[in-house]
Amino acid sequence: MHSSSPFQNPYSLPFPDPPVPHITRRRSTPNPVVLFLIWGFTCCKTMMVWLWGVCLWVFSQSTVNYAKIFDLDQNHITHREIWKCSMWMTIIVPTSMTAYLYLYSHGEVSLAASQPVILYVAVALVLVFPFDIFYLSSRYFLLRTLWRIALPLQPISFPDFFLADILTSMAKVFSDLERSACRMVHRQVATIAWFEADSVCGSHSVAIPLVLVIPYIWRLMQCLRQYKDTKEKPTLFNALKYSTAVPVIFLSALKYHVLPDRWTYVYRRLWLFSSVVNSLYSFYWDVTRDWDLSVFTRIFKFNKPSVVSNLLYGRQWVYFWVIGSNLILRCTWTYKLSAHLRHNYLTVFMVTTLEMLRRFQWIFFRVENEWNKITKSGFQQLPMVDIPREDEELLGSTNHNV
């Protein structure tokens, strides 16, 4: 029976007090945007390592002496070692992502936020590990090349601008890396601040266009350094090509910092014009300079006949495919570098992946063209591969500009 009280309302019914609910830890699901931004960098890097292993395998099956082209010693790692590294990366990256999803869904927000930090720190430590394990000479070669790219104080070698060109295709990936690192430093990995566009690490940050433009500035400086050393005018036109990427990036970023009418009627039109100029200029340079496909040549004279050699060698459809796909993907380049178009993260991730595939096929023709230059220049006595006279005439049949 309910006990009466002198202060009790006489008209109130004697209902019992409501039960106190049992407090449980609520499960939640992380937003997919977080996964794309944090693990997109490592996934794209893993994909690029796999593709590089495929390139080395194709080169090893052909007469293209990539060790001579990249000035590698006899102890350089082969496609097998590259695939071992990519296999480990394929295991570690999804494991880190799975741990984040599991911990976050079970309410362990702090532990979940630590997973990308552990992954990024581990990758950095492996790269700079000073002891003779994990392919020390190859890691040193990579770090030395990156240093030469960032500070082009010496004559530019083929590995320098080759890797710098690949970095331009990963500009969006490095932009996501900067955003992820910024959120880790400010402890915003698993907080609502992740989705605030105007936050210090938000999508409106001025750091985004600055990071996007860095690979193109590096490549621009390399071209100017090449002109200083060689006095060849084509290097200036190549520098102009990379300079056309700068207005595309910064005009796009202006949308968040100017009035809407001014963006619509002024800067948007300038952005469209600069995007068309850059896409067509880059496409023209790929075909006529980097690949020298002004006249169709045969690619990769294979040492041993195989399905791949029968599919590629002497087939003109390969060139039509590469030229057509390169034109289309060059035009989609503006999507991944334009900040005001990057709201659909799944689409952006797919475009970034397609750009890496475009760069993957670019590698074959760029390396083949460089090999043609070497053989044409009279360096026929190579320590690793003897080229038959018929192939010498074949590879030297076209005019390759330096």
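Mentor: A crossing is left-handed if the near helix is turned anticlockwise from the far one by less than a right angle, and right-handed if clockwise. Please keep in mind that this is a predicted model.

Trainee: What kind of crossing does helix 4 make as it passes helix 7?

Mentor: By that definition, helix 4 passes helix 7 in a left-handed crossing. Helix 4 covers residues 109-128 and helix 7 covers residues 171-185.

Trainee: Why are helix 4 and helix 7 called oblique to each other?

Mentor: Their packing angle is about 120°, and their axes lie 11 Å apart. Angles of 65 to 115 degrees count as roughly perpendicular and those over 145 as roughly antiparallel, while angles under 35 degrees count as roughly parallel and the rest as oblique. Helix 4 and helix 7 are therefore oblique to each other.

Trainee: Which residues of helix 4 and helix 7 meet?

Mentor: From helix 4 come P116, V117 and Y120, and these meet L177, S180 and M184 of helix 7. Sorted by class, this contact of helix 4 with helix 7 has 5 nonpolar residues, 1 polar residue and no charged ones.

Trainee: How many cavities of 30 Å³ or more does a search of the whole structure find?

Mentor: The search finds 2 cavities. The space counts as a cavity where a 1.4 Å probe fits but cannot get out.

Trainee: What is the volume of the largest cavity, and which residues lie nearest its centre?

Mentor: The largest cavity has a volume of about 130 Å³. Its lining has 16 residues, of which T168, Y216, Y242, S282 and R330 lie nearest the centre. Helix 6 (158-169), helix 9 (233-243), helix 11 (260-290) and helix 15 (345-376) each supply at least two residues of this lining. Helix 11 gives the most, with 4 residues.

Trainee: How do the residues lining the largest cavity divide by class?

Mentor: The lining of the largest cavity has 8 charged, 4 polar and 4 nonpolar residues.

Trainee: What makes up the lining of the second largest cavity?

Mentor: The second largest cavity holds about 100 Å³ of space. Among its lining residues are F36, L37, G40, K172, D176, Y345 and T352. Helix 1 (32-61), helix 7 and helix 15 each supply at least two residues of that lining, and the largest share, 5 residues, comes from helix 1.

Trainee: Into which classes do the residues lining the second largest cavity fall?

Mentor: They divide into 8 nonpolar, 2 polar and 2 charged residues. Gly counts as polar, and G40 is one of the residues in this lining.

Technical notes. Residues are numbered from 1 along each chain as its sequence is written. This is a predicted model: local features need pLDDT of at least 70, side-chain atom pairs count only at pLDDT 80 or more; totals for chains, interfaces and linings use all residues. Side-chain values use heavy atoms; hydrogens and water are left out. Axes are lines fitted to C-alpha atoms, for helices over the stretch in contact, and angles run from 0 to 180 degrees between N-to-C directions. Contact means heavy atoms within 4.5 Å. On a 1 Å grid over the protein atoms alone, a cavity is a set of points where a 1.4 Å probe fits but cannot get out, and a pocket is an open set with protein on both sides within 12 Å along at least five of seven lines; lining residues have an atom within 4 Å of a point. Grid points are joined across faces, edges and corners, and a volume is the space filled by probe spheres set on the points.
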